[in-house]
Each structure stands twice: as structure tokens, then as C-alpha cells.
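Hi,

Here is the structure I said I would pass on to you.

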Amino acid sequence: MFDSPSIRFGGDYNPEQWPEHVWDDDVRLMRGAHVTSATVGVFSWARLEPSPGEYDFAWLDEVLTRLHAGGIRVILATATASPPAWLARLHPESLPVTQDGTPLGFGSRQQYSPSSSAYRTYAMRLVREMAARYGAHPAVEAWHVGNEYGCHVTHSYDAESAEAFRAWLTEKYGTIGALNDAWGTAFWSQSYGDFGEVGVPAAAPAHLNPTQLLDFDRFSSDALLSLHREESTILREYSPHLPITTNFMSFFKGADYWQWAQHVDAVSDDSYPDPSDSSAIVRLSASRDLMRSLGGGKPWLLMEQATSAVNWRDRNAPKPVGLNRVQSLNAVARGADGICYFQWRQSQAGAEKFHSAMLPHTGEHTRIHREVQALGAELAGLDDIVGTRVPARVAIMFDWDSWWSLEQQAVPAQRDYVETVLTWYAGFLRRGVSVDFLRAGASAGGYDLVVAPLLHVASAQALDELAAVPSRGGTLVVSYQSGVLDPQLHAYLGGYLGGPGSALQGALGVAVEEFAPLPNADTRTAVEGEIAGEAVEWQEVIAVSDATVVASFADGFAAGLPAITRRADGDGASWYVGTQPDEELMDALVGRWLADARITAAFPQPEHGVETVERGPFAFVANHTSQPRSVSVHGEQCELAPFDAVLLRRQA
Ligand code: GLA
């Protein structure tokens, strides 16, 4: 990540909310809490440029001087995350517009259309000023571009967005005929005679064209990314030595982070699990693994988390004693080289005054601040983990096109893509087996076990990559709803999983003929055979050509028909799972897949609420529950207090 011998520890620092005499206190207390890093300027645009073209940097100069003198390194934000009131007044057309045509006004934050030329012009001018002034500042160690791109506005339906969408489509398709073919506009009399007729998918009488919707999702991610890239180009011009990052939001639907990750020097993430969610360990751990995977295994930075409660849920539970530490170490174990928070000092006013911080309203002599100090000290002792990798032999495919298209209307069954993928991930988490996420179409060559859950949209090349896994001795698992549509959202004809003759149908020895979603998401169905158990939600009709039926449906529409199949191929094996296994069945299947892939699990049987991960010289074991736990990790018994984590130094 950024060049540092120690784990970075700190948070967003917003001194503009406080009088100057507080700033010295901040540096003193930061030092006392082992803070090494402050992210400054995220929401400072109005203070830095109080009126168009009139800049005030004196206060920021002073802040950086004080931080530098205190030995605290600065991740400097470009301050473009939220434009000042004057931009909305001068350029009302820069405001975002919702799908039903409502403009979103000034008064909160991020009130710009991603395609606004006025926003872009003023933002880039500010970035140039920032880069010229601070690009060589000794306190600054990295740039933080924007903030949480798309957090509040991903899709805007304003006139400039429509214009930009048309330009994006023209670039992509070249001719209107190619667009008509891709979008299947022969259906419902939707064909276009000219790119000028094409619009954004605004509110309409019935289902919108699915490929138009998917292209608008892709375009909207790209529109935000183009802002990030333009800022980055300016920053690199002035400070080629400084790394660039922007904070991702874990599993965030609005931005295809596989694309985005190619344009940052280090991946950063913001993470806000609900402290009252007893199953938070699953999404939390998966988010960390996604961040590591986005960066190709390189260490990443936890840019934001909360020390305790947030302010934006209906009810905002505090983190019980120990949970902040456990969740922080969970990030380190899964590849983070920095642990930071939103924010250093809790705001006295504004919408986030009830959001926890490293230094609460009540001051330094508080439970929250003492926990921060202790964590800072602990992280300062973990220098030998910095820069190390997390080995993983299992990969799970994660794909934004599949996410976007599966959650459209007019599909066989409405579902939450991420929640479903996480049920597959959780089976490995419960066995203490590390997992990377893999981009569809990427080579799976480095993994012994590759799982593709719900790979609904897939290019022929992506399906071929999967098909290659068993032939080189690996284990492949493909779930229902995979290989159904090509990237233009046209159905593969002649049997899903890529159509007849596809390498994937060959590798699995099956084709899918018909879908049969069960009445509700939690409707159960039994499967029986060599493996028996229960599944939920989904059945389908599978035509088996060259595979062993491991389990068949015992009831319902598909009673008696294959549910789960396996095809052996030399040392390799391919599994097809035509239903959504419940937790117990998933555990049984994961056991079989690990055995096929010759992977030994760290936990001898599935564990809930505890985890183990190996990174560098450590094995990390953590208890995310409120009960004491005793677990066997690779045969060694480990005792854990509630919300406790231990780092076991491994034998060399
Ligand atoms: C996001 C933002 C921060 C802050 C936090 C609150 O992560 O980036 O500025 O609003 O949410 O949880």
C-alpha cells in the first residue's frame, strides 16, 4: 500500500468544524492515541473556495503544519465530494435528477450530477489548485480523490446525463443498428432510428428495456469513474510520487469496483456493519476479502469505520466493548495495512453529531477513547504483518453485470444478489477457509476450487475460463441462474449454461432446461440421494448428459429430477447445484468440495460467529459473539472471551 513500516491508524479529520485552539489539542490527543494518519479536507470545498475562484488555503496550511510537526501523516482529500452553495445557485443544471424527474437540491451533500459539465469544470479547477499547492508538501503521503463516489447519487436523469449516455452508447455501439440488435428493440416496437432518440431509462409505463437499463448501470459507474480519473490525471501531473486512492463502499451496487480498482494505487474501503446484527461477521469478512481481491491481493486500507454507533440507521446501536477491536483486527487479518475511522473528533453540530468518533463529545476519559488508545498501541506492535499477503486457494466469482441484471424487474424471481452470494461464501467462512473474490472472465488458474454462484450474465470467454478449471485438476462449482444470458442480456439458446456445445456444458455434463422458483424466498424443498438435506427458493429442470446425480429433488415441481450433479475429470471435478442449499446442506457440500480440492479446513466442523485467517507470520482467530468460545484451529484449542481476538504466531 502506501509506503509505511507500520499499520496506519487514524481517521477523517475535519478541523474546519472547530475553532483553532482545538487543533493543538487534537494533535496532542492523536499522539496519545498512537494516531499516525489523518484524512483532511474531505468536505472542505466551501471553506477552501468561499466564492468562485477565490481560494482560502491559509487555514489548511496551518492544519498541515501542525499535523506534520506532530508526526502525523496526511491523506489529503481533493475536497470535491460536496460542492458549495454557490455552484447550485450559479448552475442549477448541475443538480442531480431522480428517475421520476425530481431535481435534488442543496443542503445535504453530493448534490451534483455525475455528468454535470459545470461540476466537472469547477471541481477540476479546485483539484489543480490543491495539487499545485500541496503536491510536494512534506506532510502529505497520499491523495484521497472525492469521497464515496455514488454514495447518494449514482444515476442521474438530467439532460446532461442523457447527452453523456448517448455519447457513451455511440462510442460503444458505433451504429444505431448495433444498438438496436444489442437491446433487442424489435420487441415492443422499441427500435431507434438515430442515437438522438435514445434517452436515459426514466419513469415509463411498464418494464423498461433490460439492456438499456444494464447499459445505464454500466454508464453510470463509468460516469463517476471518469470524474475520479480526471482528478487523478491532474494529481499525477503535479505529484507523480504520491499514491492515489478513493474510498469504496464494500459491496456497493452503483460502481463496478473491478473497473474502478484499476485506477487507484491502493484500494480503500468504508465499512459500517450494524452492531446489533449478530451475523455481521459474514458480510464484514467478505467485504475485506473483496477489497483485497480488487487490489490483486495487495494490502488495502480501511479508510472509514465507526468506533461505535452510526447516526443513519433507524436505531443506532453502540458497539459493545471489544467489537471495535475485533472488527479492526478482522480487517488486518484479511489484508488491511491501515485502520481508520470516520471521524477523529465527534461533530458538535450538523447531521452527524450523533455519529461516534475516535474522540467522543464527552472527551478523552471515555470508554470509546480508551478503546481507541489501546487499539492504536496494539496495531503499533504489528509491524511484521505490514505488506504480507493472505493466501487463498478458493475463489468465488463476483460480478456487477450479474448483480445489476438479476435485480431488474421481469426476471424469474426477485432476489438480493449479494445476500445470496454471501450464503455460499459463509460456508467457507464457517470452516475457516480463506476465499478470494474473482472477476468474471479472469483467469482462475491460481485456485484449486472455484465457485460461481449466480453468474447470471456471462460472456462465452468467462464460461470458458470456468470450464478450464476441472480440466487442469481443479474443482469447479456452478450454481443455478448461471450462464443464462450473454453480456447483451440475450438468452443462451438450446439449454442455459452457455448453450449447446459450450465448454461449460461439456465440463459440467449438464444443461438447464427450465426454471421453477418456489413460491417464496424461504419456501423449502428437500433433496435426497448420496447427499440429502434441504434447500430453499429454487428448483429447475436439469438435463444430464455426462454427470453423476448426487441429489434429486424429493418434492415439488421438479420432484424426482436431478438437483445436484458432479462430473469427475481426472484429478478435477465439476459440480452443478440447481437449488439454493440451506445452511446445513451448504456445510455438507462445502465439505465435499474441499475434499475434492484437497484443501484442509482450519475448523474441523462448521463454526458460527468465529473466524480464523492466516496472514504473514500470524494466524488470527476471532470471536464475534457475546459468548466465550473454545475452538479447535488446525488441531490447536483456542479459548476466546466474548468479542475477543488473538493473533497466534505461526511456526516458521
Ligand atoms: C460515509 C462518509 C463519511 C460519513 C460516514 C458516516 O462513510 O464517507 O463522510 O458520512 O459515512 O457513517
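**Around the ligand**

The shell of residues around the ligand consists of Phe-43, Arg-109, Asn-147, Glu-148, Asp-270, Tyr-272, Glu-304, Trp-312, Phe-342, Glu-352 and His-355. Keep in mind as you click through them that this is a predicted model. If you sort that shell by type, you get 4 nonpolar, 2 polar and 5 charged residues.

Glu-148 has a polar side-chain atom 2.5 Å from an oxygen atom of the ligand. For Trp-312, the distance from a polar side-chain atom to a ligand oxygen is 2.8 Å. Arg-109 also takes part, with an N or O atom of its side chain 3.0 Å from an oxygen atom of the ligand. As for how covered the ligand is, it would expose 300 Å² taken alone, and the protein buries 97% of that.

Next, find helix H10 (residues 280–294) and helix H14 (residues 417–429). Their axes come within 10 Å and cross at roughly 90 degrees. Angles of 65 to 115 degrees count as roughly perpendicular, so that is what H10 is to H14.

Which residues meet there? On the H10 side they are Ile-281, Val-282, Arg-283, Ser-285, Ala-286 and Asp-289, and on the H14 side Val-418, Glu-419, Leu-422, Tyr-425, Ala-426 and Leu-429. The contact of H10 with H14 is made up of 8 nonpolar, 1 polar and 3 charged residues.

Now for the backbone. Most peptide bonds are trans, and most residues other than glycine have a negative phi. Here are some exceptions to look up.

- The peptide bond between Phe-342 and Gln-343 is cis, with omega at about -5 degrees. Gln-343 sits in the loop between strand E9 (336–341) and helix H12 (367–380).
- Arg-598 is not a glycine, yet its phi is positive, near 55 degrees. You will find Arg-598 in the loop between helix H17 (583–596) and strand E22 (610–615).
- His-634 is another non-glycine residue with a positive phi, about 45 degrees. Its place is the loop between strand E24 (629–633) and strand E25 (636–640).

Cheers

Terms used. Residues are numbered from 1 along each chain as its sequence is written. This is a predicted model: local features need pLDDT of at least 70, side-chain atom pairs count only at pLDDT 80 or more; totals for chains, interfaces and linings use all residues. Side-chain values use heavy atoms; hydrogens and water are left out. A residue is near a molecule or strand if one of its heavy atoms lies within 4 Å of it. A polar contact is a pair of N or O atoms within 3.5 Å; within protein, one must be able to donate a hydrogen and the other to accept it, and residues adjacent in sequence count only if both atoms are side-chain atoms. Accessible areas come from the Shrake-Rupley method with a 1.4 Å probe; for residues, only the protein chains shown count as cover. Ala, Val, Leu, Ile, Met, Phe, Trp, Tyr, Cys and Pro count as nonpolar, Asp, Glu, Lys and Arg as charged, and the others, Gly among them, as polar. Axes are lines fitted to C-alpha atoms, for helices over the stretch in contact, and angles run from 0 to 180 degrees between N-to-C directions. Helices (H or I, at least four residues) and strands (E, at least two) are DSSP runs, numbered from the N terminus. Angles under 35 degrees count as roughly parallel, over 145 as roughly antiparallel, 65 to 115 as roughly perpendicular and the rest as oblique. Contact means heavy atoms within 4.5 Å.
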